[in-house]
Amino acid sequence: MDSSRLPRSLLVLGGTSEIALATARRLIARRTRTVWLAGRPSSALEEAAAHLRRLGAEVHTVAFDALDPESHEAALGKVFAEGTVDMVLLAFGITGHQAYDERDPSSAVRVVRTNYAGAVSAGLVCAAALQGQGHGSLVVLSSVAGERARRSDFLYGSSKAGLDAFAQGLGDALHGTGAHVMVVRPGFVRTRRTAGLDAPFATTPEEVATAVELGLRRRSETVWVPGTLRLVMSALRHLPRPLFRRLPL
């Protein structure tokens with residue numbers, strides 16, 4: 001498959017995300033030479049940048065806060081002013097704590113503002129820049145949690161449902177401009193944050209990264225990780241609610 005569809009330059013929104021860093025490592029091993037890691041200034045962000053530099057990439061850090069949409073155009077505009085960006089990976093997000101957040105609406109709103117409102121703002125800024133270039137991919141990390149709200153995480157799931165719908169619509173809006181949107185829907189991902197937890201069809205950051213690479217090569221619009229989740233979620237989406245409520249989800 002054509003490796004020319006893989007990016008030489010990469011902007012990561014959510015520069016300390018384990019999935020994002022696994023994806024960056026894989027792309028650096030293939031073709032990527034310049035990386036911008038956008039996130040809140042921290043030692044973790046600097047350590048991530050140093051790690052990718054050791055792999056041979058030129059890496060820059062960018063101050064970016066998903067909860068401050070008024071700053072997005074200026075912060076991200078500086079990156080695009082530096083030169084062409086072949087791929088933007090929108091990888092930031094928080095899971096929240098369902099039981100606590102149900103009792104504290106302000107915490108629930110923080111989940112939604114980060115995962116949805118922040119992504120809409122940043123996504124539109126980057127989409128306009130990619131369209132202006134006439135090429136480039138916006139890869140959006142969604143989740144199977146957005147396919148149907150579950151009692152155990154409906155706040156997080158609803159935010160991902162909004163993000164997923166936004167990304168699909170944005171992809172349609174950009175069709176024919178040279179810019180491309182790819183929505184990635186992983187299942188449960190084993191990371192440091194989810195240590196000690198597990199779920200059916202669990203995956204890893206490295207497996208998500210592999211799927212992202214394949215999706216870019218194919219210029220896919222939607223990627224499921226693992227692929228079998230596409231059929232599983234299709235069935236669950238149409239299951240009657242009384243039965244759905246009884247599932248151990």
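Is the crossing of H5 and H6 left-handed or right-handed? The crossing is right-handed, a label used when the near helix is turned clockwise from the far one by less than a right angle. Please keep in mind that this is a predicted model, in which local features need pLDDT of at least 70 and side-chain atom pairs count only at pLDDT 80 or more, while totals for chains, interfaces and linings use all residues. Residues are numbered from 1 along each chain as its sequence is written, and side-chain values use heavy atoms, without hydrogens and water.

Two packed helices are described by the angle between their axes and the distance between the axes. For helix H5 (residues 105–133) and helix H6 (residues 154–174), the axes come within 9 Å and cross at roughly 15°. H5 is therefore roughly parallel to H6 (angles under 35 degrees count as such).

Seven strands form an open, parallel sheet in the order S3-S2-S1-S4-S5-S6-S7; strands pair if DSSP finds at least two bridges between them. At the edges, strand S3 (58–63) and strand S7 (222–225) each pair on one side only. Strand S6 (residues 179–186) joins S7 over four bridges, and Val183 stands opposite Thr222 in S7. Helix H3 (residues 72–82) packs on the sheet, touching S1, S2, S3 and S4.

Note on methods:
Axes fitted to C-alpha atoms, helices over the stretch in contact; angles between N-to-C directions. Helix = DSSP H or I, 4+ residues; strand = E, 2+ residues; numbered from the N terminus. Parallel < 35°, antiparallel > 145°, perpendicular 65-115°, else oblique. Contact = heavy atoms within 4.5 Å.
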